[in-house]
Amino acid sequence: MDFGIAGKRALVCGSSRGLGFGCAQALVAEGAHVTLVARTPEPLQAAVERLRATAGEGIQVQAVAADIVTEAGRDAVLQRTGADYDILVTNAGGPPPGDFRDWGTAEWQAALNANMLTPIALIKALVDGMAARRFGRIVNITSVAVKAPLAQLGLSNGARSGLTGFIAGLARGELAAQGVTINNLLPGFFATDRLRATFEAEAAKRQVDVQAVKRARLDGIPAGRFGTAEEFGQLCAFLCSQQAAYLTGQNILLDGGAYPGTF
Ligand code: NAP
């Protein structure tokens with residue numbers, strides 16, 4: 001299927017590896033011009049080279065090394081590459097796990113900034129241009145934690161739920177009639193560096209083997225495996241497609257059947 005987004009401009013945040021890279025890869029495969037953002041320059045450049053090697057003729061893949069959760073970082077990206085994006089994928093690192101008794105204002109502010117206020121700031125910067133051009137696709141990478149919270153991920157549960165509530169209203173406002181869709185894509189468990197780090201931290205804390213932690217997690221996934229960044233990216237590309245024009249304000253969980261509810 002042709003998603004009809006060849007030649008569109010896409011900004012994909014947090015995209016040198018993991019789920020963000022999967023989204024960038026799928027958008028490049030659909031012929032979109034993609035700007036990648038991550039903080040660390042070397043893996044970011046390597047990601048650009050990987051994508052350029054597979055990109056069709058005339059497709060531009062560029063990158064800006066910046067911390068997207070800072071105003072200076074966002075300004076650097078938009079000043080260097082322009083703000084006339086048709087597609088925005090928001091993403092940054094998730095907050096650390098822990099006990100809420102250990103979190104003070106600074107920890108909460110960092111989580112809210114990265115996982116709620118940064119996506120809102122990016123949307124604010126880009127959405128009016130999208131509406132004026134009558135085409136916009138915004139996908140926020142959030143988390144299964146929004147639907148099925150884990151106690152130790154309280155910072156994530158709280159901050160991402162704030163974003164989810166805000167998006168629910170925004171997507172149903174005037175943007176819906178202006179060709180701009182906004183959806184949240186909720187990863188369950190995907191085999192990325194972050195997931196590996198989470199398992200290692202949990203194993204160290206509980207003083208058990210990391211393979212035991214991994215097996216226990218797999219036991220809760222009917223599909224019997226972790227998701228891949230490629231399949232996450234392909235769903236993201238669909239949400240950015242012409243075909244998905246009538247799909248907005250939704251929270252789409254991609255978790256191999258792990259969430260046990262009917263809805
Ligand atoms: P990952 O493998 O750690 O990749 C994160 C990417 O984002 C990297 O490219 C990283 O590069 C970049 N990044 C992080 N902080 C950034 C910042 N402040 N500014 C710009 N770029 C930044 O993580 P992932 O597994 O793909 O997860 C992506 C998101 O999904 C996270 O918010 C995570 O919490 C959430 N999630 C993941 C899973 C899962 O199973 N993987 C499950 C639920 C939720 P630099 O470090 O160089 O900046």
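The crossing of helix 4 and helix 5 is right-handed, a crossing being right-handed if the near helix is turned clockwise from the far one by less than a right angle and left-handed if anticlockwise. The structure is a predicted model, in which local features need pLDDT of at least 70 and side-chain atom pairs count only at pLDDT 80 or more, while totals for chains, interfaces and linings use all residues. Residues are numbered from 1 along each chain as its sequence is written, and side-chain values use heavy atoms, with hydrogens and water left out.

Helix 4 (residues 105-133) and helix 5 (residues 154-171) pack with their axes 8 Å apart and at an angle of about 25°, the axes being lines fitted to C-alpha atoms over the stretch in contact and the angles running from 0 to 180 degrees between N-to-C directions. Helix 4 is therefore roughly parallel to helix 5, a term that applies to angles under 35 degrees. Helices are DSSP runs of H or I with at least four residues, strands are runs of E with at least two, and both are numbered from the N terminus. On the side of helix 4, the residues in contact (heavy atoms within 4.5 Å) include W108, L112 and M116, and those of helix 5 include L155, L163 and F166. By class, this contact of helix 4 with helix 5 comprises 13 nonpolar, four polar and two charged residues, where Ala, Val, Leu, Ile, Met, Phe, Trp, Tyr, Cys and Pro count as nonpolar, Asp, Glu, Lys and Arg as charged, and the others, Gly among them, as polar.

The axes of helix 1 (residues 18-29) and helix 2 (residues 41-54) come within 10 Å and cross at roughly 25°, which means that helix 1 is roughly parallel to helix 2. The crossing of helix 1 with helix 2 is right-handed; F21, A24, Q25 and V28 of helix 1 make the contact with A47, R50 and L51 of helix 2. Five of these residues are nonpolar, one is polar and one is charged.

Within helix 1 lies G22, which counts as buried (under 20% relative accessible area, with exposed over 50% and partly exposed in between, for a 1.4 Å probe and protein chains only) because its relative accessibility is 2%. Leaving aside residues up to four places away in sequence, G22 touches A229 and G233.

N91, in the loop between strand 4 (87-90) and helix 4, is likewise classed as buried because its relative accessibility is 17%. The side chain of N91 reaches the backbone oxygen of G14 at 2.9 Å.

Conventions: A polar contact is a pair of N or O atoms within 3.5 Å; within protein, one must be able to donate a hydrogen and the other to accept it, and residues adjacent in sequence count only if both atoms are side-chain atoms. Angles under 35 degrees count as roughly parallel, over 145 as roughly antiparallel, 65 to 115 as roughly perpendicular and the rest as oblique.
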